[in-house]
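Visitor: Could you walk me through this structure with a few questions and answers?

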Amino acid sequence: MKDLLSMTTEEMKKFASDMGEKPFRGKQIFTWLNRGVRDFDEMTDLSKALREKLEAGLENGEFIIGGCRVARVQEDSSDGTRKFLFEVGPGIEGTESEYVEGVFMKYRYGNTLCVSSQIGCRMGCRFCASALGGFVRNLNAGEMLGQVLAAEKHAGEEINHIVVMGMGEPFDNYENVSKFLRLLHDEAGKNMSYRNMTVSTSGIVPMIDRFADDFPQVNLAISLHRLTDEGRSAIMPINRKYPLGELLEAARRYTDKTHRRITFEYTLIRGENDSDEDIALMRKRLGGMLCHINLIPLNKVEETGFDGSSRRRAEEIAAALEAAGIPATVRRELGGEIDGACGQLRRISSCPNTSFSL
Ligand code: SAH
């Protein structure tokens, strides 16, 4: 069954002509959907007859308007960050209702949504809450776009940046994620610049090359966290398949091809990867690369048993890297009060039931 929210303008044009309409009608529907309008009656530039035909198609189950709904919202009073619990589905092909989280953040340069790309995750990183419930399914493009539209509607503000850094591994769901980026970029839709989008991967090497070809303007972030194979494999099982040497070579190919600075995320785990030796390894292996290191003191996930380094240690490490000519910053922690910070997103929300706001 067709999901209108997952369709590109071209697909919508075909959809319209298949209904016996002029193709540009499809583009008009695309524009409405991408403004968050889901009710055909509100699509005022369509004839009444067409709106009725669409309504009937929806009722007869010829297609759906997928995406997601906001099930719960929690706000961090200290910084205005909002964590959304989105309900997706029941979807196409009989998939059941599921839940994913997304996080809305306010930065000086605009509003950013951290988008989830999968329900659950297969990567199994030892420190991350998203891995805890295992993997359920991929999200389709409309379900990712739907997170942006639902969050915008709820916030009453436009989202002008997205980071695919929520639950899931985007390069384990490459087709849908790339379609989502294209939908956001479409000028008949949100018309978001590729430069305002960032995709983060745990290091699926072949997809890094593909991404460099397909989206040379989208920002790429790679979760590194450790700079020895032994150490990295112990906390990130994906390293056994794509070891560090191969990953860093792929990163070099990416910067050679795109001339864009790559971001390396480095989650600081107390006593695990934050020693002076670790700094020396970062200098040795990353020095001279077109990169920026984003240090993230680990956010607490009770089940994992790891602790984060102190903010002070993180600042020291950033300063040591800067002194060695490697740009480094400590990620501002947003949403810590509501378990909405990096690595804390889950399938079953930690939002208390009492925080229902819709
Ligand atoms: N799967 C992708 C997208 C997730 S991005 C990836 O791994 O890059 C989320 C970022 O938060 C990743 O860099 C991830 O390693 C990091 N992260 C996971 N658990 C964390 C935690 N408990 N504290 C801080 N960062 C964490």
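Visitor: Is Asp213 buried, partly exposed or exposed?

Guide: This is a predicted model, where local features need pLDDT of at least 70, side-chain atom pairs count only at pLDDT 80 or more, and totals for chains, interfaces and linings use all residues. Residues are numbered from 1 along each chain as its sequence is written, and side-chain values use heavy atoms, leaving out hydrogens and water. Buried means under 20% relative accessible area and exposed over 50%, with partly exposed in between (1.4 Å probe, protein chains only). Because its relative accessibility is 48%, Asp213 counts as partly exposed.

Visitor: Which residue meets Asp213 in a salt bridge?

Guide: A salt bridge is a side-chain nitrogen of Lys or Arg within 4 Å of a carboxyl oxygen of Asp or Glu. Here the N to O distance is 2.6 Å. The partner of Asp213 is Lys257.

Visitor: Where does Glu265 sit, and is it buried or exposed?

Guide: Glu265 forms a salt bridge with Arg331, with the closest N and O atoms 3.3 Å apart. The pair links parts of the chain 66 residues apart, and Glu265 lies in strand β12 (strands are DSSP runs of E, at least two residues, numbered from the N terminus). Like Arg331, Glu265 is buried.

Visitor: How far from an oxygen atom of the ligand is a polar side-chain atom of His225?

Guide: His225 is among the closest of the 20 residues that surround the ligand, where near means a heavy atom within 4 Å. For the polar side-chain atom of His225, the distance to the ligand oxygen is 2.6 Å.

Note on methods: Polar contact = N/O pair within 3.5 Å; in protein donor to acceptor, adjacent residues only side chain to side chain. Helix = DSSP H or I, 4+ residues; strand = E, 2+ residues; numbered from the N terminus.
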